[in-house]
Amino acid sequence: MTEGPGPAGRGPRTVVGVTTSLARLRLAVLLVLLVLVVGTAGYALLGMSLLDAAYQTVTTVTTVGFREVGHFDGAEKVFTMFLIGAGVGLVLYTLTLAVQVTVEGQLGEIVGRRRMDRRIADLSGHVVLCGWGRVGRAVAADLVESGQRVVVIDSDPERVRDLDHPTVLGDATLDATLRAAGVERAAALVAALADDAANLFVTLSARTLNPSMFVVARARQDDSVAKLQRAGADRVVNPQALGAARMASFVVRPH
């Protein structure tokens, strides 16, 4: 497992080690299958039925220890010794690789998460961005360009897998998730979730946890604007309305 800074400050580059182990594991599995095929074919050529040959091969390679299917003469014994030498070690190696891949993946997640938590714990005066959709990505780009530090909260692990920002995977409407993002030390919060009700819950929770924080909330419906303001949002933005107004201004004043 190679140490070094990974993407988005996620900690060790464990992905490289896991990928290499997976490649070795795939090769080992293919070799085990090849041994099973060769063993079955060899016993079949020595006079066993196809089912007996496959059964004898599996019991031999897995070292189960069942008795031989039929009477073994010299040729069968020699072939069985060859099969044990080639197959048993390969099976044990494959099992070892499977355990290694599992442990590396779990360890990578644990180490990466702990480093992420420490990175967020060192932040203050940052911006907590709830929702990594199209609006959230656009907001983050402008914030970074302005020199702001951003912590992203999203419930979809695929969307935040390779971000360049510290991330918290979870439900942004929960106080525990907001605390994990350092909301109590943050200078501002942007509620950019797709659902107005969720943004309302985020605004209420954020305002309770950090009364002095500047809160900007996204609204999809016009009647949500007043509710979000009453919940504690300093500014409420309707991206659709802003976009429509911008398009109309181009038509009215094309130059």
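Predicted model: local features only at pLDDT ≥ 70, side-chain atom pairs only at ≥ 80, totals over all residues.
**Figure 1. The aromatic pair of tyrosine 43 and phenylalanine 79.** A search of the whole structure finds one aromatic pair. The ring centres of tyrosine 43 and phenylalanine 79 are 5.0 Å apart and the ring planes meet at 85°, so the arrangement is edge-to-face; planes over 60 degrees apart are assigned to that class. Tyrosine 43 belongs to helix α1 (residues 14-45) and phenylalanine 79 to helix α3 (residues 74-121), so the pair ties together parts that are 36 residues apart in sequence.

**Figure 2. The largest nonpolar core, with 27 residues.** Within this core, Cys130, Ile153 and Leu189 have the most contacts. At least two residues come from each of α3, β1 (127-130), β2, β4 (188-191), α6 (196-209) and β5 (214-218). Helix α6 provides the largest share, four residues. Apart from this core lies another, of twelve residues, including Trp132, Ala140, Val160 and Leu163. In soluble globular proteins, nonpolar side chains tend to be buried together.

**Figure 3. The surroundings of cysteine 130.** When residues up to four places away in sequence are not counted, cysteine 130 touches Ile153, Ala172, Leu178 and Val202, and also Leu189, Val190, Ala191, Ala192 and Leu193. Two of these partners, Ile153 and Leu189, are named together with Cys130 as the residues with the most contacts inside the largest nonpolar core.

**Figure 4. Alanine 217 in strand β5.** Alanine 217 has a relative accessible area of 2% and is therefore buried, the limit for that class being under 20%. Leaving aside neighbours within four places in sequence, alanine 217 is in contact with Ala191, Thr203 and Leu228, as well as with Ala233, Arg235, Val236 and Val237. Aspartate 234 lies 17 residues from alanine 217 along the chain, and the C-alpha atoms of these two residues are separated by 8.1 Å.

**Figure 5. The second largest pocket and its lining.** The volume of this pocket is about 280 Å³. Its lining consists of 19 residues, and Gly133, Ala192, Leu193, Ala194 and Arg218 lie nearest the centre. Helix α4 (134-145) and strand β2 (150-154) each supply at least two residues of the lining.

Notes
Residues numbered from 1 in each chain as written. Heavy atoms only, no water. 1 Å grid on protein atoms, 1.4 Å probe; cavity = no way out; pocket = protein on both sides within 12 Å on 5 of 7 lines; lining within 4 Å. Points joined across faces, edges and corners; volume = space filled by probe spheres on them. Phe/Tyr/Trp six-rings, centres within 6.5 Å; stacked < 30°, edge-to-face > 60°. Core = buried A, V, L, I, M, F, W, Y, C linked by side-chain atoms within 4.5 Å. Buried < 20%, exposed > 50% of the residue type's maximum accessible area, 1.4 Å probe, protein only. Contact = heavy atoms within 4.5 Å.
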